[in-house]
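The sequence and structure come first.

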Amino acid sequence: MKNIKKFIPIAYPDLTGNENIYLNRVLKSSWISSQGEYLIKFEQKFAEFIGCRYAVTTSNGTAALHLALTALGIGKGDEVIVPDLTFIASVNAITYCGARPVLCDVNRQSWQLDPKEIIKRINSRTKAIMAVHLYGIPANLDQIMDIANKYNLQVIEDAAEAHGALVKIKSLWKKVGSVGHVGCFSFYGNKIITTGEGGMVTTDAKQLAMRMRVLRDHGQKPGRRYYHPLIGFNYRLTNLQAAIGLAQLEKIHFFLKFKSRLASLYNRYLENTPGIIIPKTDYEAKPVCWLYSVIIDDPYPLTRDEVMEKLKNKGIETRPFFFPVNLLPPYKSSQKFPNSNYLFQHGLNLPSGYNLTPGEITFICQQIRDEIKN
Ligand SMILES: Cc1ncc(COP(=O)(O)O)c(C=O)c1O
């Protein structure tokens with residue numbers, strides 16, 4: 001086996017809890033579609049975990065964002081401020097509503113929305129701010145909520161990558177997804193917990209939760225079959241997926257601990273490496289490590305792309321940061337986004353799967369640190 005190169009993936013799910021048992025129960029019950037006990041339990045337990053009153057499952061995280069924006073009444077003629085550095089789903093969900101995404105630069109140290117830049121973009125058409133918690137790092141919600149309250153704006157948290165991250169709001173620690181008017185999560189296969197595909201919207205507002213349930217189910221009025229007062233969608237999760245979700249949620253504290261140890265190990269090896277920059281916030285936040293991520297810049301001897309190539313040759317999978325939205329054809333902009341463009345060129349995601357061993361982290365970091373000695 002000596003010549004077989006080991007492959008270290010960027011992400012890897014852990015499905016070794018009650019997933020099998022719950023899935024088999026669903027199969028036996030025949031409730032495999034979008035009704036059933038696991039959907040109810042998953043929503044209840046997720047709301048409890050986040051610390052909010054309602055949680056609404058959706059077919060994926062993008063659907064969660066679109067559903068939330070639609071239920072909030074965001075539509076044609078409205079503007080929503082969104083970070084330029086994010087996964088494209090955050091921006092597309094705004095476009096799906098007929099609203100205009102207004103791209104905003106991020107802070108170079110925290111990689112998150114820059115509150116000073118948000119204020120510059122507010123006008124009479126602005127209806128909402130989409131606060132993305134990129135790579136598991138909470139956005140500066142304390143300041144964003146102040147801005148939103150001052151200008152009467154809705155706040156949609158895109159917490160697709162940040163299940164369990166905490167942020168301090170006026171001296172109180174809160175989980176992301178429980179601070180804004182709505183929080184949106186993804187359960188894609190590489191996320192902190194997964195249902196294969198899946199999503200959730202969290203909120204404290206009863207009417208909003210009810211509206212989202214109706215819109216998720218083709219706008220059908222509860223209790224009146226085939227009567228559709230609203231144009232809705234089929235954004236339902238299945239009981240099969242919820243069964244996996246519940247089993248995953250039962251282990252989330254273990255997962256978060258695993259990720260936190262993983263991040264500490266990476267930090268220990270990399271934080272004093274010249275030219276390797278670790279993100280930091282100048283506000284109080286406790287990030288979760290979705291994908292362990294760093295910036296690679298001078299005086300480090302290789303570029304980000306060269307590091308990716310080197311690690312690839314050693315069987316280590318990595319990812320570059322998301323393409324800044326202002327550089328993508330549908331959203332091309334002549335405005336300047338110096339920080340998101342910089343982070344895109346220098347940002348690197350390293351393996352962070354649940355199968356990653358301390359020895360593999362050491363091996364990955366050695367490959368990176370070796371260049372300094374050479
Ligand atoms: C920041 C962000 N928003 C939204 C999404 C969309 O979630 P999904 O892939 O479940 O539709 C993702 C998923 O990767 C994401 O990273």
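Helices (H or I, at least four residues) and strands (E, at least two) are DSSP runs, numbered from the N terminus. The model is predicted: local features need pLDDT of at least 70, side-chain atom pairs count only at pLDDT 80 or more, and totals for chains, interfaces and linings use all residues. Residue numbers start from 1 along each chain as its sequence is written.

Helix α6 spans residues 141-151, and its buried residues are Leu141, Asp142, Ile144, Met145 and Ala148. Buried stands for 20 or more other C-beta atoms within 10 Å of a residue's own, exposed for 12 or fewer, and partly exposed for counts in between, with C-beta atoms placed from the backbone. The buried residues of α6 line one face of the helix, because they fall within an arc of 165° seen down its axis; the arc is that of the directions from the helix axis to the C-beta atoms. These buried residues pack against α5 (115-120), β4 (126-132), β5 (154-158) and β6 (166-169), where contact means C-beta atoms, placed from the backbone, within 7 Å. Asn152 follows α6 and has a positive phi, near 60°.

Ser30 counts as exposed because it has 9 C-beta neighbours inside 10 Å. Ser171 counts as exposed with 7 such neighbours inside 10 Å.

The peptide bond joining Asp298 and Pro299 is cis, with omega about 5°. Pro299 sits in the loop between β12 (292-296) and α10 (304-313).

Definitions and conventions: Two residues are in contact if their C-beta atoms, placed from the backbone, lie within 7 Å.
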